[in-house]
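User: I am new to reading structures and would like a close look at one part of this one. Please take me carefully through the place where the chains meet and what is held there.

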Amino acid sequence: MTATETMKEQKMIRFEIYRQDDLDSTPYMEEFEIPYRANMNVISALMEIRRNPFNKKGDKTTPVAWDMGCLEEVCGACSMVINGTPRQSCTALVDQLEQPIRLEPMKTFPVVRDLQVDRSRMFDSLKKVKAWIPIDGTYDLGPGPRMPEKRRQWAYELSKCMTCGVCLEACPNVNSKSDFIGPAPLSQVRLFNAHPTGAMNKNERLQAIMGDGGLGDCGNSQNCVQACPKGIPLTTSIAALNRDTNLQMFRNFFGSDNEV
Amino acid sequence: MANSREFYWRRLHSLLGVIPVGIFLIQHLIVNHYATRGVESFNNAAHVMEGLPFRLILEIFIIFVPLYFHAIYGVYIAFTSRNNPRQYGTFRNWMFIMQRVTGVFTLIFVTWHIWETRIAAAMGADVNFGMMESILSDPFMLAFYIAGVVSTTFHFANGLWSFLVTWGVTISPSSQRISTYVTIGIFLALTTIGIRAILAFV
Ligand code: HEM
Ligand code: SF4
Ligand code: FES
């Protein structure tokens with residue numbers, strides 16, 4: 001208790017953290033108060049709780065679990081719902097947040113523990129849509145075709161996706177009642193189809209997003225493009241893919257040029 | 001959905017919302033507008049429509065089947081979304097929600113409206129100016145009809161916006177912004193036509 005007393009004079013930061021012991025256990029809220037330091041972000045606050053795992057009432061508790069990697073908003077691992085908005089905790093500055101700061105896991109994903117979620121479904125989706133360029137073979141294929149510079153510029157924007165899951169959390173059509181894969185993997189199809197070598201397997205990717213849980217499930221709420229921390233033009237990708245998949249659909253029905 | 005034809009069903013749903021259901025809606029509102037020119041004009045127009053050859057087949061395949069396919073699949077779509085206007089209070093997210101709300105309300109309205117007019121006609125009633133006049137003499141029904149028309153025109157106009165996205169016509173943000181303005185214009189025009197017709201009966 002002496003620890004709490006000495007901290008009294010100090011400015012404190014209040015947290016409300018939604019915790020859960022494992023996938024199936026019931027979530028509960030625990031309050032924390034930690035001493036203020038200048039320029040803190042949510043992760044440095046969580047580290048403080050880990051160092052000194054006492055809740056607001058002064059009871060010793062288990063340290064809060066969360067995920068992180070790069071600490072500079074490029075890996076996407078640290079995403080969580082902060083004051084109601086899904087975002088990265090490493091770039092969520094305490095000074096800019098209203099208190100008490102409410103931390104919740106992104107419930108679109110299975111909760112591993114506390115704020116830590118399992119984003120496997122996103123990686124599975126990337127496999128499903130073939131978000132890569134197949135170049136492996138038994139001999140050297142030589143250099144691929146060049147990419148027009150203008151296209152490289154917009155494709156680069158799409159390549160910034162860090163699979164953070166924020167756009168899935170924001171999408172009203174990604175939920176337990178639907179198997180929609182969400183905006184991020186769709187936009188990756190546009191990225192890989194824009195690549196001159198990737199375009200050689202264009203129809204396979206389009207075919208994949210014309211399957212279950214694919215592009216057809218988008219309802220145009222356009223929340224994803226508002227939510228994406230990387231500013232990826234997700235709704236532009238989706239509309240462009242609508243055009244591509246429609247053409248693919250007509251080719252499948254009527255054409256003989258439906259493969260590539 | 002269990003079957004892997006979901007993409008095609010969704011495309012069909014989108015297409016039917018405009019062709020033929022949307023086209024029929026415009027035609028229907030315009031024919032009703034004859035009511036503003038008096039009892040005679042309206043009855044003549046209604047009888048021309050009634051007298052069309054192959055009327056029952058036209059009604060079944062241009063109206064009922066596409067409409068109820070769109071409507072029932074639409075209810076399924078509406079109930080598989082989890083709306084989140086508190087986190088994202090943007091214009092488009094509200095339009096997304098309103099598209100679903102007006103879809104469900106339109107289904108209730110249209111079903112009632114078909115029951116009260118078309119099914120009654122099949123039972124022998126004459127669909128004419130007098131029929132609508134007596135329906136709309138009840139203030140509750142008048143309000144219900146006005147709400148129904150506004151809900152339907154909203155749903156159609158906003159649906160036209162997303163139809164253009166679904167079919168890959170409007171891709172860039174600026175083209176989507178322009179089509180927002182155009183579809184707002186269509187909403188206002190159709191609502192004016194629809195409400196003027198209703199008020200002509202009271
Ligand atoms: C007068 C009758 C109707 C007309 C003219 C109409 C028209 C349309 C149009 C043009 C669309 C846009 C399609 C697209 O996004 O590509 C649409 C979407 C939709 N309609 Fe209707 N509709 C009607 C009745 C209904 C009814 C009764 C329901 C029942 C709930 C309904 C539910 C929906 C839903 C949920 C969508 C959104 C689909 C999506 O975002 O994928 N509609 N409608
Ligand atoms: S598209 Fe944006 S919001 Fe979605 S996963 Fe990628 S970086 Fe995150
Ligand atoms: S830790 Fe990598 S994005 Fe936050």
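Analyst: What follows looks at the boundary between the two chains and then at the ligand found there. Please keep in mind that this is a predicted model, and that the values below were computed from it.

Beginning with the boundary as a whole, 41 residues of chain A are in contact with 33 residues of chain B, and the two chains bury about 2900 Å² between them, with 48% of that area on carbon and sulfur atoms. Turning to polar features, 17 residue pairs are in polar contact between chain A and chain B, counting pairs with both residues at pLDDT 80 or more, and the count of salt bridges between these chains is one. In a salt bridge of this kind, A:Asp217 is paired with B:Arg10, and the closest N and O atoms are 3.7 Å apart.

Ligand 1 itself lies between chains A and B, where 25 residues surround it, the closest being B:Ser14, B:His70, B:His155, B:Ser162 and B:Thr166. The side chain of B:Arg100, in turn, has an N or O atom 3.1 Å from an oxygen atom of ligand 1.

Notes. Residues numbered from 1 in each chain as written. Chains lettered and ligands numbered in written order. Predicted model: local features only at pLDDT ≥ 70, side-chain atom pairs only at ≥ 80, totals over all residues. Heavy atoms only, no water. Contact = heavy atoms within 4.5 Å. Buried area = accessible area lost by both parts, 1.4 Å probe. Salt bridge = Lys/Arg side-chain N within 4 Å of Asp/Glu carboxyl O. Polar contact = N/O pair within 3.5 Å; in protein donor to acceptor, adjacent residues only side chain to side chain. Near = heavy atom within 4 Å.
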